[in-house]
Amino acid sequence: MPTVTIDGAIHETAAGERLIDVINRTGGKIPQVCYHPQLGPVQTCDTCMVDVDGRLVRACATTVAAGLTVQTRSAGASAAQREAFDRILGNHVLYCTVCDNNNGNCTIHNTTKLLAVEHQTIPYKPKPYAVDDTNPFYRYDPQQCILCGRCVEACQNLEVNETLSINWEDPHPRVLWDGGATIGESSCVSCGHCVTVCPCNALMEKSMLGHAGCFTGLSKPVLSGMIDVVKAIEPETGYGTIMRVSEAEKAMRESRIRRTKTVCTYCGVGCSFDVWTKDRHILKVAPLDGPANGISTCIKGKFAWDHINSGDRLTTPLIREGDRFRDATWEEALSLVARRLTDIKATHGPDSIGVIASSKCTNEESYLTQKLARAVIGTNNIDNCSRYCQSPATVGLFRTVGYGGDSGSISDIAQADLVVIVGSNTAESHPVLATRVKRAHKLHGQKLIVSDLRENEMARRADVFLHPRPGTDLIWLSAVSRYLIENGLAKTDFIDRWVNGFEEYRKSLEPFTLAMASERSGLPVDTLKQVAHMIADAEKVCILWAMGVTQHSQGSDTSTAISNLLLITGNYMRPGTGAYPLRGHNNVQGASDNGSMPNSLPGYQSVDDPDVRTRFEAAWGVPLPSSTGLDNHEMVEAIHQGKLKALYLAGEEMSIVDSNANYVSDAFAKLEFFIVQDIFFSATCAYADVVLPAAPSLEKEGTFTSTERRIQRLYEVLEPLEGSRPDWRIIQDVANHLGADWHYQHPAEIMAEIASLTPMFAGVSYERLEGYQTLQWPVAADGNDEPLLYTKEFAFPDGKARLFPLQWVEAPEQPDAEFDLHLNNGRLLEHFHEGNLTYRTDGIREKTPDTFLEVSPQLARERGIQSGTWVQLTSRYGKVRVRAVVTDRVHGKELYMPMNSVEIPVNRLTSSHTDPVTHTPAYKDTSVRLTVLPDIGDDPLPRTNSRWGHPTPQRGVEVERKWKRPDYRAPGSQLVQIQARQAT
Ligand code: SF4
Ligand code: SF4
Ligand code: SF4
Ligand code: FES
């Protein structure tokens, strides 16, 4: 450990540590306007100048070396810091008392105080630019922009959307979007990174403006007048007095603004952040240092929260009367639920009732839902929507390595030498996780292979883009495995030591020659060889996959093929390696983990294991059913067959997100009794007999488990809207009306019960999850968790992994003369799933108002289609009308339709074919016929959609261009400008 001396004190440092981090860590106080630890040094502000062994250097750009002597307050350093900050004030008006950013975290305000600036020597010079407020969520005020470039660095190298730059050579530099477009018409994806890192009020969330401050809601003329007054008195009074007034105003805000930690309610990445609220107004989402996301968010986590205060939230239970619903009291609704379920159970038995948990709900709620099904109703007919996407991936991992979860963390993906993405539009479905791959690829030489039907963003960035024929991923994966083994490229040491079943597996690969793979998948043999060699050459490989794999009729087998490939190449058991099925919903991992599955109690403990049942029976005080129940898919069938009479569905828009939606809706219409619990009157509610109004994630406490197996706490940001209740309370109310005697006062008690019954969660407690602390399961009783699985052994009794032999089977649903086109479907960045939550945010609706159909230029030419043309798609199961978008993201006779529509659900077209192992619908195996309709509408993607933009990739903020300006002079009279010299 090198030691350094800072202001006379000796400190130990870590090798490679930045000097600025050492100073900050050891309590030093130096200005550092452009430095952000998660961005690294951007070196634009020059305020962090310190004296190192007699030379002035930027502390942010200096790596410690043994024996450095550092003076942070020498005359030279202090003068340089002050001079640099004065230049910054020349770009910024200090009107803190009437600024919405005066919340204790404004870097300019705090640095003015730190340096005790009384008067600025460089007067403020206005810039010839207007405010840009063309983005619905944030605005840019060039007048206040200090040109620190943090936003550029964040956009270029953390989010890697590459929209922002600074025109350093211009007489009046400013931040540019796409090199000079308005924000609204640029490639900006509204992820909010730039706004989050801006150290002042130049970039601000519109939801803050006029709301955060005590006086900022004043009219513009009054506000401008106050700003002018402040500017006029400054030369007289100095900033000290003005700062004292603004400090008092800031203190007044503290009692009005709450900052509450939560976890994102949308996808499985598991971003966490503080939510700032004033009464029920959401001021902003402030990511700080989330274990999964750092300061990153996507448009949904940062801005898509208008559903919380939406006027159409359900706030009273509803009871069906004929074709209508009437408002009911909670007591009325709960009594009716209890009476009808009791009658149906008495007449038809407990297995005539099904329960479906929500993967939007918490772990504790999933636990209670399955407990209600098993211990109160007496059935194992309990499932959740992982059936629709993730179950095949879980099976693939159960078969081969033992745990049904990602084998490492997002940080492992970032440090891999090679990332292979199969069937995942990661940049849109798991945006923040994708940023880690994009960053590693852009900055750190990581290689990227993408296999997908569409040329999505990750495919465009990839070193190798594979476009196999639909449903043939298993073939090329197996052919690459065979080639590796045949050519001595498999890791035999690893296989010998850690893997069972090699010979049988090797034999099963015999049909998968490169020639066969090429013929079936359409991928050239040379490309397959290239892929094999890239995998063999890489020290650390991670494979990521999602619904493009799992929602096929061989989803489980293809997931298994991925894990097989990782095993034969030794890509498990080490940091930077492993299998990463990307979980879709925020808590789809946790819903299954906590027992909302027909075959397993919490922690994947089998319902047919008598020892397991005995443990749960003792704790719950009731006998438990022992045979596997019905899954979602089987429940729909059982309704049609008249076997399932009642269904309790919590927080799932199942009538349109399940495959073959017409068939599912017909089933719901046949139910004798149907309970739907949701926060809005969803399309599914239309079939209900009773609707129970629940509360969204911001209105409850609990935990979610993300794709990394990371368990995180969410806190109540707002009280439940009057009339609604958190799901765990509703489930408890239902259970108690059915005769249970539950008395949970807080989800912490439920988690304690889960931990006591589930070895996998033995050490999980709310104390260990306090604030931003997290645990990645399995968690031992002493609290030790496993961010990286299999570091000691695989999760099988002998500690060895298992290769699983496979065969390829052609999907039953194939195009033919009548249904001649292949229809793919999936997520879209701006919306989550069908969009019930995200459509309620106006800005998102403005950017992406509707779903659409992506048509290739070739097909468009052939059929006379242009963007905006209405077409009818007809499958063997239903039809929809939708507008076309002509794009080269799709090729030939392959179509793509995002799933974000309640009015035009793609699942009216999808089939009831399933993966035979898990019953996951084969959503992606759909054939359709396309009829061009006479109507031509607007392009479904408005000009303000980011897909129209033209990003301007560059290496970052490119400060060297600033240093080359003729008017640039490094601050400090005796500066030796080490970094500048190095750069030029
Ligand atoms: S994509 Fe847009 S919101 Fe995100 S960092 Fe870039 S400019 Fe900012
Ligand atoms: S807009 Fe960008 S360059 Fe300007 S102050 Fe904010 S982060 Fe710095
Ligand atoms: S939707 Fe996913 S990537 Fe976006 S903020 Fe939420 S958790 Fe993060
Ligand atoms: S903090 Fe070091 S140059 Fe800005």
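Start by colouring the chain by burial: of its 984 residues, 64% count as buried, meaning under 20% relative accessible area with a 1.4 Å probe, protein chains only. This is a predicted model, where local features need pLDDT of at least 70, side-chain atom pairs count only at pLDDT 80 or more, and totals for chains, interfaces and linings use all residues. Residues are numbered from 1 along each chain as its sequence is written, and side-chain values use heavy atoms, leaving out hydrogens and water.

Next, switch to a cartoon view. You will find 34 helices and 37 strands, which are DSSP runs (helices H or I, at least four residues; strands E, at least two). The radius of gyration is 29 Å, close to the 30 Å that the globule rule gives for 984 residues, so the chain is as compact as a globular protein of that length. That radius is taken over C-alpha atoms, and the rule is 2.2 Å times the number of residues to the power 0.38.

Now go inside. Select Leu-372, Leu-544, Tyr-648, Phe-673, Leu-692 and Trp-742, the residues with the most contacts inside the largest nonpolar core, which has 103 residues. Such a core is a set of buried Ala, Val, Leu, Ile, Met, Phe, Trp, Tyr and Cys residues joined through side-chain atoms within 4.5 Å.

Zoom in on Leu-372: leaving aside residues up to four places away in sequence, Leu-372 touches Ile-377, Tyr-648, Ile-731, Val-734, Ala-735, Leu-738 and Trp-742, with contact meaning heavy atoms within 4.5 Å.

For your last stop, select Val-401, Tyr-483, Val-541 and Leu-803, which are among the 56 residues of a second, separate core.

Definitions and conventions:
Chains are lettered from A and ligands numbered from 1 in the order in which they are written. Buried means under 20% relative accessible area, exposed over 50%, partly exposed in between (1.4 Å probe, protein chains only).
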